[in-house]
Amino acid sequence: MRILIIGARGSVGRTVVNALEDRHDLIRAGLASGDIQVDLENLDSIRNMYRNAGNIDAVVAAIGHGHFGPVEEMTGELWMKGILHKALPQINVVLEGIPWVSDRGSFTLTSGVLNRDPIAGCASAASANGAIDGFVLGAAGDMPRGIRINSVSPGLLENSTDRYTGKFPGHEPVSSRRVGLAFTKSIEGVVTGQTIRID
């Protein structure tokens, strides 16, 4: 399969590449690296990415970030960071990509653990994760030509623990291998409309 992986150099993206590169043709996309450069907060850039990639069998979106901080100090603008920098870009990847994905192809988005197992200061990130998972559930029944759509929702990745030291008390980090298997299930399997959780 020809698979477009957006965010291929990030913590999640690297696990996807490692899980798939030995048997698929991967096209790596990123803001400043990869085979194709793309700014996912710019619709014209997303459209240009698909024109450069051409017809593909699967798309992975492994990108996004949100605001972290106490609710009492949050503003609507800060809360929207999770929507504008994580949820909406991934949703636009689907909406703009449908014409480029082959019959019975797939989209796999990336959410995360915080909307089901929160930590302090995560309301913005949790909201973005919930929006992604909800979009996947709602969109699956409307996807044309047998195209499937899922999200992968990992816990704290082992390869990210240093960056989040002390912020995920009691959370068991998940291995890159398990995260890679979840994306493999979404891409090579038959499920659709699912949030594949790795806890």
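I counted a contact when heavy atoms lie within 4.5 Å. On that count, residues 24 or more positions apart supply 67% of the protein's contacts with a separation of 6 or more.

I noted the terms of use. This is a predicted model, where local features need pLDDT of at least 70, side-chain atom pairs count only at pLDDT 80 or more, and totals for chains, interfaces and linings use all residues. Residues are numbered from 1 along each chain as its sequence is written, and side-chain values use heavy atoms, without hydrogens and water.

**Fold.** I took helices (H or I, at least four residues) and strands (E, at least two) as DSSP runs, numbered from the N terminus. I found five helices and seven strands. Their order along the sequence is β-α-β-β-α-β-α-β-α-β-α-β.

**Size.** I looked up the box of the C-alpha atoms along the principal axes: roughly 45 × 35 × 35 Å.

**Burial.** I called a residue buried under 20% relative accessible area, exposed over 50%, and partly exposed in between (1.4 Å probe, protein chains only). By this, 51% of the 199 residues are buried.

**Helix α1.** How many of the 10 residues of helix α1 are buried? Eight are, so this helix (residues 11–20) is largely enclosed by the rest of the structure. I listed the buried ones: Ser11, Val12, Gly13, Thr15, Val16, Val17, Ala19 and Leu20. Their cover includes the strands β1 (2–6), β2 (25–30), β4 (56–61) and β5 (101–110), along with helix α5 (176–188).
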